[in-house]
Structure formats: structure tokens, C-alpha cells
Amino acid sequence: MSYLADVGALARKDLLLELRAKETLPAMLLFVVATLTIFHFALPHGTSHAAALGLLWAALIFTALLGLTRAFVPEREQGMFDALVLAPCDRSAIWLGKTLAVLAFLVAAEAVALPAFAAFFSGIDGRTVAAVALADVGIATVGTLFGAMAVAGRARELLLPLLFLPLAIPIVVGGVGGYLWFLALYDAIFGLLSWAAFEYVVSET
Amino acid sequence: MISARGLAKRYGDRRVFAGLDLDLAAGGFLLVTGPNGSGKTTLLRVLAGLAAPTAGELSLPERRSIGYLGHEPLVYRELSPLENLTLFGRLYRIPERGERVGMLLERFGLWDVRHDRVSTFSRGMQQRLGLCRVLLHDPSLLLLDEPYNALDAEGAELLDGVFDEPRTWVVATHEPRRVERRATERLAFA
């Protein structure tokens, strides 16, 4: 119970920071709507639903990347990793709290992106919504781990896309194809690996 | 409390320190001095468990018993003092943390601004809050890196009062006059 309470306190902290700073979510919303608008005008009339759906996934992945780039900004700029790592709580709770906050930002961005896609292109079916929900879990778990790795490096803006995008390819494959079992398997495997690996990511050598 | 044998730390090709032996008994006060870049901060980070030594043996108390204040106050600037200390009180599993947080905020003169964002504070007020954070879980070993930084005369006196408490201290500073008389052990980096 203490573990979950720690996770809740850390996730609440991140949501509160975003509520005050308003730096990440507005940028994600603006980016995803602008991207879908560009795609709307760039694609020729009568483009197939499958092609438009592919662009939706590209827009979602890059929107997520934008959010992930900012996920550890307070910890980086204010040295807060030191304070969190010193606390006697399980270090994976830091990762899980941040993952939940990232997940909340993704869901909020998609609450705007999916209706916008339906308005610009074609309707969204339940399978796509389920695929997006499953993909969010994978994006948040893997992205948060890589965000923590990148934040320690000097070329962090470069490092995060290089680490994250290759591992986002299976998410796009599963999302575009509507392979829900594949996305669920991805979430389970990479969620577990990220949870177990975080301890080593935040331990300086 | 602290025992180190042959402690060394390198960053790539750069040797920060090597062959360091340390013994600090409970209740002792280790004063670490030296010019900028001599290794004081790195030593404190190693003793805090934030950096692993490259070589040597190091014996430390459990993580919960250690309090560390670095060059930054290590508090979230977009949260209030109350929110910061409540968060860390939760993570350190402090019983009756509301009472403890209130007592520390009163002691360091931050009670009246407990709901204000830390980003609106002066550097000295942030340092006071950093001291509240580091004392919150009542650590037996305190590692303080330039603790008088940015403190005004009143803040410095408050910190002097903290040093009167029965704890084990490791204090790094390049202005040792204020704490020199308390030192039971000394380590001078060149």
C-alpha cells in the first residue's frame, strides 16, 4: 500500500507542476492539432482511410515525443533526481509516478486529437480507440524510462528520439494493423522491463 | 558512522580523489575544505550514495538516516513549501508529518509563506527551505555542501542552531571560519 501511495503522491506532484507551469500539455495539444491540419491539406481528396490512419499514428507518436522531452525538465533543472533518489522509497515508484503523469497527458492530447481526426478525415472505430489506449501504455512506460536516461546526457534532445523512435515502431505496426493482442503484449514486456531497469538508470556510476 | 578505505573517484580520465581513508564516529563533525573544483562536492555525493566510488570500501548508515543538501535546495520551484515538504514527508514515511512540517516551517521563518510558490522566493529563502527538507526525516547523518550559501545573518544564525543538535555532520565549505570550532575531524583538499 505504501508503494502505491508513493506512486500516487509522485504522479499528483507531476500533474500539479503541469497545472501550474502549463508548459507541456498546451504544446502537445497545439502540435497534434496543427499536424492533423497539415495532413488534412497535404493529402489529396479521396485518400483512403488506411492511409489517413497511418498519419494519425505518426502524429500521435511525435506528440508523445514532445511530451516525453519535457517529462523530466523539473528534475533536470532543479536537481530533483538527487532528492528523489535519496528518499527511502522504491525507486521504481519514481518511474511509475512519472509514467502515470505522462499517460494522463497523452490521454488528454488524444481527447482532442481523435475528434479532430474524425472531423478532418473519417470516423474512428472502437478498435482504433482501444489500440490508442493500449499504445499509450507502451509509449508512457518506455518513453519515461528513456526520458530518464536522456536527461542525464548532454545531447538529451537528440538522445530521446534516437532511443524512443526505434522502440515506437512496433507500436505503430500494432496500432495501424489494429493488433490489440500485440500491443497488450508489448505493454506487458516493455512495462516490466522498464519498471525493473529504472533503478539502474538513476544510479550514477 | 562512516568508514572509508582507499576511496577513489574518477570521471573518465580525470581523477577527483584517490586513496582516501575516513573514519567518522557518531556525533562527529567532519569539516571538508578546499578550493572550487577540488572534490568536496564529489566526496559528499559519494557519501550520500548519489555517486558510486571508482575504488575503495565505504561503509555508510542506511539511506533513510542520511540527509543531503547540495548546491541546490532540492525542492520543486512550482510547488509551495508546504507541498514540497508534504511530498518528501510522504516518501520518507514520516508519522505525523503535518506537525513536523509545520514545526520546521515555523523554525526557519517560512510559515507565513507556506502556500506561496518557491519560484517567488529569494535564494536565501530557498536555502532555508532546503534545510527544512534535509531535516524533515530527522537524519542522524547530515551532509551539507556550502550550507551558508545565500543565507542572511538571521538564516546563518538559524543554521548555527541546527549544528548544536546531536547528529553526525559532514560539512563542505571554502569558508570554514563559522564552523571550524565544531570540527572533530578535518579533511583539506588541495
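**A walk through chains A and B**

Let's start with B:Thr33, which sits in strand β3 (residues 29-33) of chain B; helices (H or I, at least four residues) and strands (E, at least two) are DSSP runs, numbered from the N terminus. Before going on, some ground rules: this is a predicted model, where local features need pLDDT of at least 70, side-chain atom pairs count only at pLDDT 80 or more, and totals for chains, interfaces and linings use all residues. Residues are numbered from 1 along each chain as its sequence is written, while chains are lettered from A and ligands numbered from 1 in the order in which they are written.

Along the chain, B:Thr33 and B:Thr173 are 140 residues apart, yet 5.4 Å separates their C-alpha atoms. Setting aside its neighbours within four places in sequence, B:Thr33 is in contact with B:Thr173, B:His174, B:Pro176 and B:Ala188. Contact here is when the C-beta atoms of two residues, placed from the backbone, lie within 7 Å.

Now for the strands of chain B. Strand β1 (residues 2-11) and strand β2 (residues 14-24) of chain B pair in the antiparallel sense over seven bridges; two strands count as paired if DSSP finds at least two bridges between them. They form a hairpin with two residues between them, and B:Gly12 in the turn has a positive phi of about 65°. β1(B) is also joined, by four bridges, to strand β4 (residues 55-59) of chain B, and these run antiparallel. B:Ala4 is a handy landmark: B:Ala4 stands opposite B:Leu22 in β2(B), and opposite B:Leu58 in β4(B).

Elsewhere in chain B, have a look at β6(B). Five of its five residues are buried, so this strand is mostly covered. B:Leu141, B:Leu143 and B:Asp145 point one way and B:Leu142 and B:Leu144 the other way, and all are buried. β6(B) pairs with β5(B) in the parallel sense over four bridges, with B:Tyr68 standing opposite B:Leu143. It also pairs with strand β7 (residues 168-172) of chain B, in the parallel sense over five bridges; there, B:Trp169 is the bridge partner of B:Leu142.

Two loop residues of chain B deserve a stop. B:Leu74 has a positive phi of about 60° although it is not a glycine, and its place is in the loop between β5 (66-69) and α2 (81-91) of chain B. B:Leu74 is buried, because 23 other C-beta atoms lie within 10 Å. B:Asp138, also a residue other than glycine, has a positive phi near 50° and lies in the loop between α4 (123-135) and β6 (141-145) of chain B. With 13 C-beta neighbours inside 10 Å, B:Asp138 counts as partly exposed.

Over to chain A and its helix α8 (residues 156-177). This helix has 22 residues and reaches 32 Å from its first C-alpha to its last, close to the 32 Å expected at 1.5 Å a residue; the expected span is 1.5 Å times one less than the number of residues.

Finally, the two chains meet: 22 residues of chain A are in contact with 21 residues of chain B. On the chain A side, the elements giving two or more residues are α1 (2-21) and α5 (80-86), and α1(A) supplies the largest share, nine residues.

Conventions
Buried ≥ 20, exposed ≤ 12 C-beta atoms within 10 Å, placed from the backbone.
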